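This report describes selected aromatic contacts, charge-over-ring contacts and strand pairing.

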Amino acid sequence: MADTVLYEVADGLATITINRPDAMNAMNTAAKIDLRDSLVAAAEDTAVRAVLLTATGKAFCVGQDLKEHLSVLGTEHTMSTVREHYNPIVRAIAGMPKPVVAGVNGVAAGAGLGFALAADYRVVADTATFNTSFAGVALTADSGVSWTLPRVVGPGRAADLLLFPRSIGAREAYELGIASKLVPAADLAAEAGAVARTLAQGPTLAYAALKRSLAYGASHSLDEALEKEDELQTKAGASEDHGIAVQAFLAKEKPKYLGR
């Protein structure tokens, strides 16, 4: 049986690929565990300086594997997967101390939408679609969508998309801010890889601080955000990469970051 998630590290970039194409990359238990563990491995590996999350086949991820889900309906384990799998996956993406790029090759629905929204940057094929899906199967939002979606599209539009699930085309997703970059489907792998590799060669500690700063600022006052900026900037200013950047700027050269 093929691995449900593929994991590869090269030149500072960890490529994590959901690999259940025959099931539209629906998440069964094995895939959820493999994805969670791959993300944790990328976070802990000091050789990894950026992550590309993508998928094989025609879909990015259509969310929960409902065929498997049917077997636990009506038991104490019906929704335990949210706590055991989906929450850790989204925390690992959003809390990754390095940039995460989602290369969205096809439909991203339910938890798949949540994974994409938790990433820092989304390169989206022009044939891809997005769907909240949850209300369509009589469920509420999970995989962080209740937190990420309003911050991307606004509270009113998020409520509309959640209450009335529908397929959102790539162009509309770009206009809403769900897609960071829209590319021809044939170019998705190359374009997403190029974005991720660029970030993998960047100032890793500064990127991690930017992620923390944005997350903190989303739920704190201006004064608290200013204090957090001071704390994080002090640490960034002490990094080797900051020194490299300043010297390169003065020498009118392109900096070669070390990620520390």
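Y86 and F115 are both buried, where buried means under 20% relative accessible area, exposed over 50% and partly exposed in between (1.4 Å probe, protein chains only). The model is predicted: local features need pLDDT of at least 70, side-chain atom pairs count only at pLDDT 80 or more, and totals for chains, interfaces and linings use all residues. Residues are numbered from 1 along each chain as its sequence is written, and side-chain values use heavy atoms, with hydrogens and water left out.

## Aromatic pair

Rings of Phe, Tyr and Trp (its six-membered ring) pair if their centres lie within 6.5 Å; planes under 30 degrees apart count as stacked, over 60 as edge-to-face and the rest as tilted. The count under this rule is one aromatic pair. The pair is formed by Y86 and F115 and is tilted, with 6.2 Å centre to centre and 40 degrees between the planes. Helices (H or I, at least four residues) and strands (E, at least two) are DSSP runs, numbered from the N terminus.

## Charges over rings

R151 lies over the face of W147, 3.8 Å from the ring centre. The charged end of K228 sits over the ring of Y216, at 4.9 Å from its centre. The criterion is NZ of Lys or CZ of Arg within 6 Å of the ring centre and within 35 degrees of the ring normal.

An open sheet of four strands has the order 4-6-8-9 and mixed pairing. Strand 4 (59-61) and strand 9 (168-169) are at the edges with a single partner strand each, so one side of each has no neighbour in the sheet. Two strands pair if DSSP finds at least two bridges between them. Strand 4 and strand 6 (residues 107-109) run parallel and are joined by two bridges; A59 has V107 in strand 6 as its bridge partner.
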